[in-house]
2 protein chains.
Amino acid sequence: MAEQRNTRQRRAVKGVLDQLEGFHSAQEIHEFLRDSGEQIGLSTVYRNLVSLADANEVDALRNDEGETLYRRCSSGHHHHHLVCRTCGKTVEVDGPAAEQWAESIASAHGFKNVSHTFEIFGTCEQCQR
Amino acid sequence: MAEQRNTRQRRAVKGVLDQLEGFHSAQEIHEFLRDSGEQIGLSTVYRNLVSLADANEVDALRNDEGETLYRRCSSGHHHHHLVCRTCGKTVEVDGPAAEQWAESIASAHGFKNVSHTFEIFGTCEQCQR
DNA sequence: AACGATTTGACAATCGTTCTCATTAGTGTT
DNA sequence: AACACTAATGAGAACGATTGTCAAATCGTT
């Protein structure tokens with residue numbers, strides 16, 4: 001259906017995500033690209049991030065302020081994150097127990113079509129100094 | 001320091017929260033008040049909700065779309081929610097296990113000043129019809 | 001009733017994100 | 001390589017939720 005064209009800009013966005021550690025906002029990513037000399041529009045960055053997230057090629061999550069943050073995800077399966085508020089450094093976390101717990105709570109109350117968010121934010125060791 | 005005045009508007013906002021089931025956005029609450037014949041500005045609703053949330057008199061959380069939703073919380077202690085996307089109906093949920101799990105993950109990686117979000121969204125039985 | 005400080009409300013401003021639409025550029029075909 | 005067809009881009013406008021501004025209204029106290 002949606003044929004993805006391999007444009008210079010899309011390549012660039014993917015490229016940054018490989019270089020950057022942890023989660024970053026679309027605007028940060030745009031700024032980074034511009035600083036790297038890449039000519040790319042902000043809308044394009046947004047569009048590509050959204051489409052990459054739809055295609056499950058990157059992880060997306062919302063931080064405390066409601067911004068969406070993106071990160072190239074290593075594993076293909078569902079997981080959660082421990083994210084540093086300051087530098088975006090991320091630890092990937094599995095929580096099968098929590099997973100199941102959410103599921104069972106939901107179905108116990110007759111809820112369908114369930115999604116959940118489970119993210120941990122904090123300040124990493126480095127940024128504490 | 002901040003002495004809270006008991007204004008008609010603040011009373012009204014608290015009042016709605018008592019009447020309304022589940023989580024609702026500031027705008028919904030404003031609309032509801034207006035429909036009830038209460039004359040109140042949108043900014044005022046926002047301000048009161050924020051201050052009530054700060055005072056821990058109401059619960060606040062962000063939904064999938066990044067909107068902030070509010071609800072008068074029954075219990076004073078920390079808890080999570082199972083929220084219906086459609087009507088806002090809410091089940092209050094305790095997850096001591098999940099709680100501790102988050103804590104231990106965070107400290108294991110040297111993160112301080114940790115906060116977490118754990119909310120479950122779905123469609124409740126009624127709204128499935 | 002009067003006072004001084006806090007709140008209010010209408011509206012402007014902000015911030016992240018999405019939309020619009022004319023232009024550009026992949027991709028498959030001669 | 002030149003074409004054609006269509007998706008992707010970019011600049012800026014538009015949007016939606018939320019916050020800021022500031023004069024006017026209101027609360028609680030004297």
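Begin by selecting strand S6 (residues 112-123) of chain B together with S6(A), which pair in the antiparallel sense over nine bridges; strands here are DSSP runs of E of at least two residues, helices are runs of H or I of at least four, both numbered from the N terminus, and two strands pair if DSSP finds at least two bridges between them. Within this pairing, Ser115(A) has Phe121(B) as its bridge partner.

This is a predicted model, in which local features need pLDDT of at least 70 and side-chain atom pairs count only at pLDDT 80 or more, while totals for chains, interfaces and linings use all residues. Residues are numbered from 1 along each chain as its sequence is written, chains are lettered from A and ligands numbered from 1 in the order in which they are written, and side-chain values use heavy atoms, with hydrogens and water left out.

Next, show both chains: 37 residues of chain A are in contact with 37 residues of chain B (heavy atoms within 4.5 Å). The area buried between them is about 3,000 Å², meaning the accessible area (1.4 Å probe) lost on being put together, summed over both. Trp101(A), Phe111(A) and Phe118(A) supply 22% of the area that chain A buries against chain B.

Now turn to DNA strand C, which 24 residues surround, each with a heavy atom within 4 Å of it.

Note on methods: Buried area = accessible area lost by both parts, 1.4 Å probe.
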